[in-house]
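The following paragraphs lead the reader through the packing of a protein model. Please keep the sequence and the structure in view while reading.

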Amino acid sequence: MTAAGAGSAGVTRRRALWAGVGGLLVTGAAAFVARDELRRWWWRLPGNDRPRKPGAVDHPGARWVPASSWNFRRADRPADYDIDRVVIHVVQGSFATALNVFQDPFHKAAAHYVVRKDGHVAQTVRELDVAFHAGNRGYNERSVGIEHEGYVGRPESFTDAMYASSARLTAGICRRYGFPADREHIVGHVEVPGTDHTDPGRHWDWDRYLRLVRAELRRPAGMD
């Protein structure tokens with residue numbers, strides 16, 4: 001064999017080796033994606049629910065007021081759907097009104113939380129589950145919805161106590177699921193694609209709200 005022939009054989013062997021390594025890498029990546037997808041589908045199968053304690057809440061200090069099961073879809077988030085959004089809503093009514101309609105099976109909608117003017121928080125749907133609050137299936141699956149007592153056209157609806165309490169709630173959600181407190185990940189109902197809602201409206205102070213959320217995130221965990 002000539003030197004040139006030996007060189008060609010070496011190049012061919014190296015190419016074969018790299019092709020094999022590349023194939024293994026591609027196969028490994030595909031296997032990782034497949035495992036992740038299988039994990040998600042496993043949690044979507046009936047009977048594979050994550051543990052649930054009756055009356056337990058995700059946010060410290062919240063009161064459990066369960067919504068009708070017709071107003072949300074049972075899920076196992078974030079095992080089956082990643083959570084990377086908070087959607088801010090305004091009731092266009094009272095705290096009691098929101099709780100009443102969320103318990104009505106014919107309403108076909110509910111948010112995970114409702115915040116009262118004095119800062120009191122009710123949880124109506126577990127964060128595990130997909131609440132029907134955003135009017136967009138993809139956003140429902142990836143987000144936590146927070147309703148606020150009041151009206152979009154009345155700036156007095158949004159009290160200091162409400163802002164502070166809601167900010168603590170949102171900061172806890174950001175911390176639990178590891179997404180940043182910014183306007184990409186904390187949005188108004190009006191910003192959800194395909195929605196016909198206008199809440200939280202022009203009187204909602206986004207700059208103030210984000211400052212409060214970020215201040216909460218700077219506090220050590222467990223200081224609620």
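In helix 4, Asp-160, Tyr-163, Ala-164, Ser-166, Ala-167, Arg-168, Thr-170, Ala-171, Cys-174 and Arg-175 meet Arg-208, Tyr-209, Leu-212, Val-213, Glu-216 and Leu-217 of helix 5. Contact here means heavy atoms within 4.5 Å, and helices (H or I, at least four residues) and strands (E, at least two) are DSSP runs numbered from the N terminus. The residues of this contact comprise nine nonpolar, two polar and five charged.

This is a predicted model, in which local features need pLDDT of at least 70 and side-chain atom pairs count only at pLDDT 80 or more, while totals for chains, interfaces and linings use all residues. Residues are numbered from 1 along each chain as its sequence is written, and side-chain values use heavy atoms, with hydrogens and water left out.

The axes of helix 4 and helix 5 (lines fitted to C-alpha atoms over the stretch in contact) come within 8 Å and cross at roughly 55°.

Beyond its neighbours within four places in sequence, Ile-186 is in contact with residues including Val-86, Ile-88, Cys-174 and Tyr-209.

Methods: Axes are lines fitted to C-alpha atoms, for helices over the stretch in contact, and angles run from 0 to 180 degrees between N-to-C directions. Ala, Val, Leu, Ile, Met, Phe, Trp, Tyr, Cys and Pro count as nonpolar, Asp, Glu, Lys and Arg as charged, and the others, Gly among them, as polar.
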